Amino acid sequence: MFQFNADRGETDFAFRLGKIYYDGSIYHVPGGIASGGDGVGRLPRDFDRARQYFLGIARQVWPHDPVDPLAWSSVRREEGPVGYAAAAAGYLGRMYLRGEGVRQDARTARMWFERGAEYGEKECNNGLGIIWRDGLVGGKRDPKKALEYFSLAAGQDLA
C-alpha cells in the first residue's frame, strides 16, 4: 500500500493520484472521462491503484474496519485530514457499491458512505440515498431516508 506522511501536501497529492487512476484521465472533467473529456490525458483506469491511494488516506482517520461492516464505530483518530478522508471514503464506497476493482459489497459500501457522510461529504450522502432507495442492505427500502440523503447531497450542489 502507498505510504505517505499525513501533511496536507502529500495527502492532496495522493488524493489527486487516486482520482487520476479512478477516472483514467489527468484532466478533471465534470462527470469524468465518460462525459466526453479530451482523450490526450487519457490513461488506463486502474481501480486497484486508485483504491490503494484512497485507502491510504482513509486509514489516517479510520485505521481499522470491523469484521461486520455495519458494526463500525465512529471512533476515529483525530490527527487525520478528515476532508480528504471523507472524500476518499466516498470513492471507496462507490467502488464497493459498483464492484470496481473489488468484490461488490453493499454492506461495505454503506460503511464507507456512512463514514464520509458523518463529515458532510456529498458523494457519501448520495451513495446512502441510493442504498436506502434500492434497499441494497437487508432488502428493506426506505424512501423517506433516501430522500433525506438525496436532499443533503442536492443541497451541496450534487445533481
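This section describes the fold, the nonpolar core, the aromatic pairs and the surroundings of one aspartate in a predicted model.

Residues are numbered from 1 along each chain as its sequence is written, and side-chain values use heavy atoms, with hydrogens and water left out. As the model is predicted, local features need pLDDT of at least 70 and side-chain atom pairs count only at pLDDT 80 or more, while totals for chains, interfaces and linings use all residues.

The chain holds 6 helices and 0 strands, where helices (H or I, at least four residues) and strands (E, at least two) are DSSP runs numbered from the N terminus. The order of elements from the N terminus is α-α-α-α-α-α. Of the 159 residues, 45% are buried; buried means under 20% relative accessible area, exposed over 50%, and partly exposed in between (1.4 Å probe, protein chains only). Among contacts (heavy atoms within 4.5 Å) with a separation of 6 or more, 56% are between residues 24 or more positions apart.

The largest nonpolar core contains 39 residues, of which Phe15, Tyr22, Phe54, Ile57, Trp62, Trp112 and Phe113 touch the most other members. Such a core is a set of buried Ala, Val, Leu, Ile, Met, Phe, Trp, Tyr and Cys residues joined through side-chain atoms within 4.5 Å. At least two residues of this core come from each of α1, α2, α3, α4 (106–117) and α5 (122–134), and α3 gives the largest share, 11 residues. Leaving aside residues up to four places away in sequence, Phe15 touches Phe54, Ile57, Tyr84, Ala87, Ala88 and Tyr91. In soluble globular proteins, nonpolar side chains tend to be buried together.

Rings of Phe, Tyr and Trp (its six-membered ring) were paired if their centres lie within 6.5 Å, with planes under 30 degrees apart counted as stacked, over 60 as edge-to-face and the rest as tilted. This rule gives 9 aromatic pairs. Tyr21 and Tyr53 are stacked, at 6.1 Å centre to centre and 5 degrees between the planes. Because Tyr21 lies in helix α1 (residues 8–23) and Tyr53 in helix α2 (residues 47–58), this pair ties together parts that are 32 residues apart in sequence. Tyr21 is buried at 15% relative accessibility, and Tyr53 is buried at 10%. The pair of Tyr22 and Tyr91 is edge-to-face, because the ring centres are 5.2 Å apart and the planes stand at 75 degrees. Tyr22 in α1 and Tyr91 in α3 (residues 82–98) are 69 residues apart; Tyr22 is buried at 2% and Tyr91 at 12%. Ring pairs join Phe15, Tyr22, Phe47, Phe54, Tyr84 and Tyr91 in a cluster.

A charge sits over a ring if NZ of Lys or CZ of Arg is within 6 Å of the ring centre and within 35 degrees of the ring normal. Arg94 lies over the face of Tyr91 at 5.0 Å from the ring centre, and Arg115 over that of Trp112 at 4.6 Å.

Asp105 is located in the loop between α3 and α4 and is buried, with a relative accessible area of 15%. The side chain of Asp105 reaches the backbone nitrogen of Arg107 at 3.1 Å, and a polar contact of 2.7 Å joins the side chains of Asp105 and Thr108. A polar contact is a pair of N or O atoms within 3.5 Å; within protein, one must be able to donate a hydrogen and the other to accept it, and residues adjacent in sequence count only if both atoms are side-chain atoms.
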